[in-house]
Amino acid sequence: MHKDPRTFIEANTAVETPPLIPEIRLHLATEIVPIWQATEADLAHLGIPPPYWAFAWAGGQAVARYILDNPDIVADKRVLDFASGCGLVAIAAAKSGAASVTACDIDPFAATAIDINATLNATTVTATQDDLIGQDGPWDVILAGDICYEQPLSDRVTRWLRGLSRDGRTVLLGDPGRTYLPKDGLDWVVRYAVKTTRELEDTDVRNAVVWKFSKD
Ligand SMILES: C[S@@+](CC[C@H](N)C(=O)[O-])C[C@H]1O[C@@H](n2cnc3c(N)ncnc32)[C@H](O)[C@@H]1O
């Protein structure tokens, strides 16, 4: 493990706003500080997992935009942002009046990035590294951005989120057409065109859809 995630994050990112969310500032990788292009071997040598937390992924931007434009979904609610990465969705929920916001990500660098970014936006978010898949908790609303990029993760998360939705929670998922998005049990909510970077995606714009897990 790299000795100090905070020092690494601050040295390898710049403060920017994601294209769809001009009201939230985040420590992000940029063309000037392109850490995604460091090879996995270079990062592994430093004890650093792939820096997903250094980007506001298209799925997360879609959920954040939808929450900021429809704050009643989270206002006075207890919110979980699952697989939070840089913390964008959690920060959007906090800015929209959530009673409490927990952001979980198993990557310790993400947990530190969430802390740094929440403070930068004058919001209160509790970051945890616990793997919450399969667990129940005091959440009224569960939000998740861009989690369907690997089959085992997508399958486990889908089973868990479907259960929480059937139990009466509001569960929203932002997804830009990833391969392992579940084929059924989701209701279409809204779509946004999200400007992306060729560093990460094979196109300059991705259509990201916010889906709601159905109750049946
Ligand atoms: C593509 S990124 C999306 C980040 C953020 N939601 C966004 O849209 O910008 C996927 C994230 O899932 C996290 N992740 C993977 N498995 C996880 C698990 N079991 N629990 C929590 N987070 C997990 C990764 O560490 C990574 O930060």
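1. Helices here are DSSP runs of H or I with at least four residues, strands are runs of E with at least two, and both are numbered from the N terminus. Just after α4, glycine 97 takes a positive phi of about 95°.

2. A word on the ground rules: this is a predicted model, where local features need pLDDT of at least 70, side-chain atom pairs count only at pLDDT 80 or more, and totals for chains, interfaces and linings use all residues. Residues are numbered from 1 along each chain as its sequence is written.

3. Helix α4 (residues 88-95) is worth a look: eight of its eight residues are buried, so the helix is largely enclosed by the rest of the structure. Buried means that 20 or more other C-beta atoms, placed from the backbone, lie within 10 Å of the residue's own. Among these buried residues are Leu88, Ile91 and Lys95.

4. What do the buried residues of α4 pack against? Their partners are the helices α3 (58-69) and α5 (108-120), together with the strands β2 (26-28), β3 (78-82), β4 (100-104) and β6 (141-145); contact is counted when C-beta atoms, placed from the backbone, lie within 7 Å.

5. Now the sheet: seven strands form an open sheet with mixed pairing, in the order β5-β4-β3-β6-β7-β9-β8. Its edge strands, each pairing on one side only, are β5 (126-128) and β8 (186-195). Strands pair if DSSP finds at least two bridges between them; β4 and β5 run parallel and are joined by three.

6. Finally, the ligand: α3 and α4 each supply at least two residues of the shell around the ligand.

Methods
A residue is buried if 20 or more other C-beta atoms lie within 10 Å of its own, exposed if 12 or fewer, and partly exposed in between; C-beta atoms are placed from the backbone. Two residues are in contact if their C-beta atoms, placed from the backbone, lie within 7 Å.
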